[in-house]
Amino acid sequence: MYIVLNRKAAGRAFLGGLVLLAFLVSGCLLYLRPAAAAGKDGAGEEKEYIKWVDFNVPYEVLNRALELDIASNGTDTPVSWIELLAYAAAKNGGQWKNFKIGKLNETAQALQEGASIEELTADLKYYSYYHEAYSAVLGGLVGHYEIEVPDETAEGGKRWEARYGLKGFSPIAKNYPYSDFDDFGNSRDYGFKRKHLGHDLMGAVGTPIIAVEGGTVEALGWNQYGGWRIGIRSFDQKRYYYYAHLRKNFPYNKELKIGSIVQPGDVIGYLGRTGYSATENVNNIEQPHLHFGLQLIFDESQKEGNNEIWVDVYPLTRLLYRNRSTVVKDEATKEYHRVYRIRDPTVPGTSGAAADGGLSSG
């Protein structure tokens with residue numbers, strides 16, 4: 001009887017322990033969950049939004065999808081490069097190692113022969129996820145625009161030309177050399193141990209830095225880790241471009257301020273080696289370079305905090321290399337400006353200089 005009673009007691013204690021453990025684990029998970037992931041709306045319901053994106057599409061795949069998109073523009077059945085990429089990712093589970101680029105050609109052909117993307121993706125559970133994720137990464141880089149081109153017969157030696165295609169620019173100006181490699185996720189130890197959530201482009205101090213996409217300046221000033229830096233938000237609010245370690249004493253285009261509107265291809269600053277210091281305007285970076293980062297934002301709670309989403313932009317910088325902004329120096333102000341202006345129809349409410357393809361004070 002003694003043994004039986006103790007077994008029963010032990011059983012009750014064991015069950016009680018499981019309940020307690022479950023309670024503690026549940027509580028810990030709720031406590032440890034980032035505020036952005038908890039995502040409560042005004043009614044106390046959990047908001048649905050993407051909380052993680054692993055953007056690992058190779059350059060070669062991006063390049064071919066873009067070519068197919070551009071080639072189909074103006075036809076009766078235009079093909080979206082984002083839809084092609086999202087369809088391929090949904091089919092291969094986001095694993096690109098053994099992906100055959102010819103599959104993109106087959107999908108594009110099927111679409112141009114009358115198939116709809118809805119038909120092709122009807123049985124693909126994660127297509128909508130990949131489409132939303134890839135739209136957030138790539139959404140502002142391709143479309144219709146007007147740009148100035150050289151024309152000796154035109155007044156001023158330039159004329160406006162309507163185009164469709166890649167309207168995003170390389171972050172490094174044309175004719176300025178740089179070197180880079182895929183360094184996303186590498187270790188960093190200034191301040192604390194952390195991963196490198198951006199891409200470094202090594203170049204000479206003073207190299208003009210270019211706005212990849214049109215947007216609004218949200219951050220401008222000193223950061224202990226990034227030195228002099230600029231943060232630009234895309235007009236659809238999905239992308240936050242981060243340019244850091246800018247030049248000592250003269251880091252930015254002097255026209256820029258918080259709220260300024262920039263066009264893709266505008267000169268926004270100058271490459272340097274500032275940062276790694278709580279004191280402003282200090283060169284503590286050994287190798288001059290631009291730290292270029294891209295943060296995705298599906299909910300405003302993700303903007304700053306533990307739930308930030310930064311993606312590997314190395315494949316994008318390779319793609320953007322084909323579109324580099326030509327710049328010229330104003331000897332009076334020592335400032336650099338673009339030579340060929342752009343008109344991007346996605347830029348909202350622009351006026352004055354911006355309407356003609358330049359910076360606006362917002």
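Helices (H or I, at least four residues) and strands (E, at least two) are DSSP runs, numbered from the N terminus.

What we have here is a predicted model, in which local features need pLDDT of at least 70 and side-chain atom pairs count only at pLDDT 80 or more, while totals for chains, interfaces and linings use all residues. Residues are numbered from 1 along each chain as its sequence is written, and side-chain values use heavy atoms, with hydrogens and water left out.

Let me start with strand E12, residues 289–296, where eight of the eight residues are buried, so the strand is largely enclosed by the rest of the structure. In a regular strand the side chains alternate between the two faces of the sheet. In E12, His-289, His-291, Gly-293 and Gln-295 point one way, whereas Leu-290, Phe-292, Leu-294 and Leu-296 point the other way, and all of them are buried.

Which strands pair with E12, where pairing requires that DSSP finds at least two bridges between two strands? Strand E5, residues 199–202, runs antiparallel to E12 and is joined to it by four bridges, with Leu-201 having Leu-290 as its bridge partner. Strand E9, residues 239–244, is also antiparallel to E12, through six bridges, and here Arg-239 stands opposite Leu-296. Strand E13, residues 309–310, pairs with E12 in the antiparallel sense over two bridges, and Trp-310 of E13 is the bridge partner of Gln-295.

Elsewhere, three strands form an open antiparallel sheet in the order E2-E1-E16. Its edge strands are E2 (158–166) and E16 (342–343), each of which pairs on one side only. Strand E1, residues 142–150, is joined to E16 by two antiparallel bridges, and Glu-146 stands opposite Arg-343 of E16.

I will finish with Thr-207, which sits in the loop between E5 and strand E6 (208–210). Is Thr-207 buried or exposed? Its relative accessibility is 3%, so Thr-207 counts as buried. The side chain of Thr-207 reaches the backbone oxygen of Ala-204 at 2.8 Å. Taking contact as heavy atoms within 4.5 Å, and not counting residues up to four places away in sequence, Thr-207 touches Ile-172, Tyr-176, Gly-269, Tyr-270 and Leu-271.

How values were computed:
Buried means under 20% relative accessible area, exposed over 50%, partly exposed in between (1.4 Å probe, protein chains only). Two strands pair if DSSP finds at least two bridges between them. A polar contact is a pair of N or O atoms within 3.5 Å; within protein, one must be able to donate a hydrogen and the other to accept it, and residues adjacent in sequence count only if both atoms are side-chain atoms.
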